[in-house]
Amino acid sequence: MSLTVIKPGFHTTVQDLGRPGWRHGGIPEGGAMDSIALRIANLLARNAQGAAALELTLTGPQLRLEQDTLLAVTGAEMAPTLDDEPIPQWRPIWAAAGAVLAFGQAASGCRAYVAVAGGIDAAPALGSRSTDTRAGIGGIAGRPLRRGDALPCGSGAGAAKAWGSRPKWAAPAWFAAPPRTLLASRSSSGSTAGTTVLRVVPGAEYGQFREAARTAFMRERYRVAPASDRMGVRLDGPPLETSDSAELLSHGVIAGTIQVPHGGTPIILAADCQTTGGYPKIAHVISADLPVLAQCSPGDWLTFTEVTSGEAQRILLDQEREMRVLAAAIRLSSPFSMNLR
Amino acid sequence: MNFVKSADGWAFSIAPLGDRALVVQLPPQGENQPAWQVSAELAKLLRAAKRSWIIDVVPAYTTVTVVYDPLLLYQTASAGVLLFEVAAAEVRAILQQLHEHQHRHQINQQEQLPKYAGVLHQEPRVIEIPVCYGSSYGPDLPQCAERAGMSEAAFIRRHAEAEYRVAMIGFMPGFPYLTGLPPELSQPRRSSPRSIVPAGAVGIAGGQTGVYPLATPGGWQLIGRTPLALFDPKRAEPILLRAGDHVRFVPINETETNLGEWQ
């Protein structure tokens with residue numbers, strides 16, 4: 001099985017769950033920005049949850065399926081089609097060889113994930129197939145997809161079964177719902193309707209920010225700036241000043257860390273962030289909400305709300321419990337007995 | 001904050017970094033050695049302890065950051081306990097071993113230390129980095145020598161004679177923050193950064209000297225270039241340098257190396 005890239009899309013990369021364990025060498029952990037969407041796509045395609053899949057950004061690619069395969073699309077709504085017929089997301093899909101899987105622009109969210117049975121079989125670098133474009137490793141030659149790339153796929157449970165009969169594709173009536181922990185993040189009422197809420201715990205330098213800055217950070221809205229990428233989500237909004245402008249020595253940082261360059265606006269570090277940084281940290285997006293951050297597009301509005309460390313821990317454990325239930329449910333379902341349309 | 005203070009004033013604190021990492025903050029000046037040396041030793045010890053839930057240990061100037069897997073840690077914790085507290089308690093216990101190790105000759109506790117504490121007996125490594133100084137490899141060398149008020153040859157000699165140590169790795173894969181640049185070789189950053197600096201470029205910015213592991217835009221004054229890869233994902237040890245290593249720059253000329261590798 002392989003996929004041929006007809007159009008690469010805006011920024012499509014191979015991603016798995018990243019390469020932890022190399023930060024001491026300055027190598028980012030990387031991996032899918034929305035790890036929950038990646039894991040669910042893999043579950044639906046009968047892969048291990050951490051198999052390599054494609055991460056699509058804002059505008060998706062066009063891909064030709066060279067063999068019959070089981071696949072799944074999760075994450076941002078990106079109007080997927082197979083030979084121009086709309087197909088559903090968050091479901092396993094049997095697709096016939098020769099079909100063209102195409103995407104439009106993200107109608108909501110920022111990043112979609114395409115898992116195919118067997119996973120994308122790119123050569124691993126430092127234990128991961130995740131593309132790190134800055135280090136030039138992982139994925140396809142350490143870069144985003146290009147027209148003409150052939151993406152080899154491994155052999156998975158759904159890869160060997162030929163979808164010999166027609167129609168072109170089929171999907172079951174059920175779908176996988178993302179964990180409820182991720183649904184709390186969209187405010188639908190009042191003046192903040194359409195605003196994404198990210199839950200945070202305070203950073204080490206929170207107390208060094210001026211009272212007005214702390215209030216603004218927790219109350220005002222911030223807008224995702226166009227310069228955002230997999231290294232960091234840059235925000236436009238009220239500048240945040242510290243009362244103490246002492247320089248910090250470089251120290252370890254992780255995805256979710258919200259650092260504030262001098263008197264400036266916050267940057268939320270993301271999957272490909274540097275391993276060390278020197279700016280004051282006002283807060284950290286909780287681990288369970290990193291998939292929410294991944295779906296923020298330039299122009300989107302954000303607010304922050306504080307939770308305790310205990311709450312952050314409980315939300316993460318709840319999310320994992322839901323993922324376990326979902327994994328079991330998908331395993332028990334049969335992708336081979338599908339209601340045809 | 002969790003402070004541990006011993007009778008001789010040796011102290012550190014442990015604070016959370018978000019909800020899946022913690023930071024060990026060391027006093028800026030250790031008892032007999034700078035904080036970054038303590039940090040490098042502690043990082044070595046934490047890695048050698050091989051806890052399954054420890055994902056990454058990142059030593060820096062006065063801190064060691066430990067990134068952990070909350071889900072793995074949860075399996076070993078009792079219900080209702082804050083995972084940060086569990087991780088902090090383990091890290092504190094390991095750090096205490098470093099302290100005891102440093103005083104073992106007085107208290108004769110060596111045999112009570114866990115086996116992995118043996119990493120502390122390893123001599124620091126000495127890594128030699130061959131450098132082609134000047135010409136097209138170090139286009140800023142003439143101006144640097146002029147600013148320092150010495151000849152190019154003297155500038156090269158001073159840079160290559162000095163003893164450097166890796167205080168930390170960060171910023172990009174394999175990038176060493178080196179201590180030990182002779183003060184008279186300090187240089188201002190370039191007023192306009194180069195849009196691309198090649199991998200292996202050896203430069204100076206302020207009181208720091210360093211080597212770019214990857215091609216990247218940069219504002220350092222470039223004085224030379226090494227054919228040695230500081231980051232090579234295909235090598236068994238992808239990252240050449242580690243915090244704590246000694247580094248020496250060895251001048252070479254163009255004919256001594258395969259320049260083809262640089263292109």
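**Reading exposure and interfaces**

Modeller: A141(A) is exposed, because its relative accessible area is 64%. The classes are buried under 20% relative accessible area, exposed over 50%, and partly exposed in between (1.4 Å probe, protein chains only). This is a predicted model, in which local features need pLDDT of at least 70, side-chain atom pairs count only at pLDDT 80 or more, and totals for chains, interfaces and linings use all residues. Residues are numbered from 1 along each chain as its sequence is written, chains are lettered from A and ligands numbered from 1 in the order in which they are written, and side-chain values use heavy atoms, with hydrogens and water left out.

Colleague: Where does A141(A) lie?

Modeller: A141(A) is in the loop between β10 and β11 (150-152) of chain A. Helices (H or I, at least four residues) and strands (E, at least two) are DSSP runs, numbered from the N terminus. A141(A) also has a positive phi, about 55°, although it is not a glycine.

Colleague: Which residue of chain B has a positive phi without being glycine?

Modeller: S135(B), with phi near 45°. S135(B) sits in the loop between β6 (126-133) and α5 (141-148) of chain B. S135(B) counts as partly exposed because its relative accessibility is 49%.

Colleague: And how should I read R46(A)?

Modeller: R46(A) is in the loop between α1 and β3 (53-57) of chain A. At 23% relative accessibility, R46(A) is therefore partly exposed. R46(A) is 26 residues from A72(A) in sequence, with 9.5 Å between their C-alpha atoms.

Colleague: Now the two chains. How many residues does each give to the contact?

Modeller: Contact means heavy atoms within 4.5 Å. Chain A gives 36 residues and chain B gives 36 residues.

Colleague: How is the size of an interface given?

Modeller: Often as the accessible area lost when the parts come together. Here buried area is the accessible area (1.4 Å probe) that two parts lose on being put together, summed over both. Chain A and chain B bury about 3100 Å² between them, and carbon and sulfur atoms give 64% of that.

Colleague: What about charge pairs across the chains?

Modeller: A salt bridge puts a side-chain nitrogen of Lys or Arg within 4 Å of a carboxyl oxygen of Asp or Glu. There is 1 salt bridge between chain A and chain B. R23(A) pairs with D56(B), and their closest N and O atoms are 2.6 Å apart.

Colleague: How many residue pairs are in polar contact there?

Modeller: 15 residue pairs, both residues at pLDDT 80 or more. A polar contact is a pair of N or O atoms within 3.5 Å; within protein, one must be able to donate a hydrogen and the other to accept it, and residues adjacent in sequence count only if both atoms are side-chain atoms. On chain A, the elements giving two or more residues to the side that touches chain B are β16 (251-252), β20 (281-285) and α4 (309-332). α4(A) gives the most, with 8 residues. That side of chain A has 16 nonpolar, 15 polar and 5 charged residues. Ala, Val, Leu, Ile, Met, Phe, Trp, Tyr, Cys and Pro count as nonpolar; Asp, Glu, Lys and Arg as charged; the others, Gly among them, as polar.

Colleague: How is chain A divided?

Modeller: Into domain 1 (2-172) and domain 2 (182-307). Domain bounds come from an automatic or database domain assignment. The domain centres, taken over C-alpha atoms, are 29 Å apart. Domain 1 of chain A puts 24 residues into the contact, and domain 2 of chain A puts in 19. Together they bury about 1600 Å², 55% of it on carbon and sulfur atoms.

Colleague: Which side chains form the salt bridge in this case?

Modeller: R230(A) and E55(A), at 2.9 Å from N to O. Between these domains of chain A, 9 residue pairs are in polar contact (both at pLDDT 80 or more).

Colleague: And chain B?

Modeller: Its assignment gives domain 1 (2-121) and domain 2 (126-262). Contact joins 6 residues of domain 1 of chain B to 9 residues of domain 2 of chain B. The buried area is about 640 Å², with 68% from carbon and sulfur atoms. W36(B), P59(B) and Y61(B) supply 71% of the area that domain 1 of chain B buries against domain 2 of chain B, more than any other three residues.
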